[in-house]
Amino acid sequence: MLGSLQLLQPTTVDEASGALRDFAERGKVYAGGAELLLLMRHGLLQSEILVDIKKIERLHGITWNDSALSVGACVTHHTLETHPLVREHAPSFAYAESQVANVRVRNQGTLGGNLCFNDPHSDPGTVLLVHNASVTLGSQRGERQIPLHDFFLDVYETALEPDELILDVQIPSLPGGMISAYLRLHRFQRPTLGVAAAVKLIDGAIAESRLAVGCVGPKAQRLAELETKINGSSVNGAKRILAEQKNYLRDVFRPVDDLLGSADYKLYMTGVMLGEALEQAGQSEGKSH
Ligand SMILES: Cc1cc2nc3c(=O)[nH]c(=O)nc-3n(C[C@H](O)[C@H](O)[C@H](O)COP(=O)(O)OP(=O)(O)OC[C@H]3O[C@@H](n4cnc5c(N)ncnc54)[C@H](O)[C@@H]3O)c2cc1C
């Protein structure tokens, strides 16, 4: 049961940030509430005042400016999975969004809420990393933009200050000729493993690649060292290299045995699925998105 709560519905970022500053620990940002209300119902989080940010118009748009998508923090997963601009300019991101939970959660949950909560078992962040996405954070003190890989700090931890909101997510298109794919493995609704690969092939050889993995470690991460290793190889050659990276992946992700599987199983599957994602992206050589 939830105790009585006060609901504030600011219409500007300034107002919302002011409320967060004034109420400090007593106030919490409330977007879709998919995580927040669950935590409060289970007594894992206490709050007296919910700062509902959905009335702030700035947090709702999806626009394209010829090189990047801008997605407002309060856009829901369901809108993202179906939106024509997202499907055209970031199709593997639209696909990842379509894999989130179930239609009820996708209708309720927002991209901003997903990224701010930073549960390691999430889908969107992994594929956004191969797009070199960044987030715009705002408060009464102004706005700042930081790369997503700097925003994710640790399990449930981000670079957000207590009086800040995510305002929007900037998603640059991939370089010309580069195609991406997102694959996930799941036993329950949340993913056990999510991998994103983007590749540009020239005459069958990898000219440029981007790899990211989520769920296996505390946060989703790009694998820059592995990207360098596979550049110049064929897709089959790269798959062989990826299958041999257990030690490297163990150092990066420090996986643990849990109900989703042993650390060894997760590492093995990470190598296999990175190879699969690379192959899927590589099959579309000549196209670009
Ligand atoms: C049953 C279930 C299954 C799920 N399965 C998946 C899955 O398969 N894949 C996946 O990726 N996710 C999954 N999720 C997570 C889901 O995507 C998130 O719950 C949802 O996106 C959170 O968004 P929200 O708007 O509801 O956030 P809220 O619950 O409103 O907020 C979450 C947190 O973020 C803060 N917050 C929210 N928006 C902002 C903002 N703009 N600025 C600053 N702080 C903010 C809140 O204060 C709170 O701490 C699942 C969740 C549930 C309940």
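Keep in mind throughout that the model is predicted.

I will start with the ligand. The shell around the ligand holds 32 residues, and the closest of them are Val29, Gly32, His77, Thr110 and Asp123. By class, the shell splits into 17 nonpolar, 10 polar and 5 charged residues.

Where does the shell come from in terms of helices and strands? At least two residues each are supplied by S2, helix H2 (36-41), helix H7 (111-117) and strand S10 (165-172). H7 gives the largest share, with 4 residues.

Now the polar side chains at the ligand. Thr110 has a polar side-chain atom 2.6 Å from an oxygen atom of the ligand. In the side chain of Asp123, an N or O atom sits 2.7 Å from a nitrogen atom of the ligand. Arg190 also places a polar side-chain atom 3.5 Å from a ligand nitrogen. As for cover, the ligand on its own has 970 Å² of accessible area, and the protein covers 91% of that.

Next, the cysteines. How many disulfides does the structure hold? The count is 0. Take Cys74, which is in no disulfide: the nearest cysteine sulfur belongs to Cys116 and is 9.7 Å away. Cys74 is also buried, at a relative accessible area of 5%.

Cys215 is another case. For reference, a disulfide joins the sulfur atoms of two cysteines covalently, and the cut-off used here is 2.5 Å between the sulfurs.

Cys215 brings me to the backbone. Cys215 is not a glycine, yet its phi is positive, at about 85 degrees. You will find Cys215 in the loop between strand S13 (205-214) and strand S14 (221-222). Is Cys215 buried or exposed? Its relative accessibility is 3%, so Cys215 counts as buried.

Ala24 is the other residue I want to show with a positive phi, near 45 degrees, and it too is a residue other than glycine. Ala24 belongs to the loop that runs between helix H1 (13-23) and strand S2 (27-30). With a relative accessible area of 46%, Ala24 is partly exposed, whereas Cys215 is buried.

That is the end of my part.

Conventions. Residues are numbered from 1 along each chain as its sequence is written. This is a predicted model: local features need pLDDT of at least 70, side-chain atom pairs count only at pLDDT 80 or more; totals for chains, interfaces and linings use all residues. Side-chain values use heavy atoms; hydrogens and water are left out. Buried means under 20% relative accessible area, exposed over 50%, partly exposed in between (1.4 Å probe, protein chains only). A residue is near a molecule or strand if one of its heavy atoms lies within 4 Å of it. A polar contact is a pair of N or O atoms within 3.5 Å; within protein, one must be able to donate a hydrogen and the other to accept it, and residues adjacent in sequence count only if both atoms are side-chain atoms. Accessible areas come from the Shrake-Rupley method with a 1.4 Å probe; for residues, only the protein chains shown count as cover. Ala, Val, Leu, Ile, Met, Phe, Trp, Tyr, Cys and Pro count as nonpolar, Asp, Glu, Lys and Arg as charged, and the others, Gly among them, as polar.
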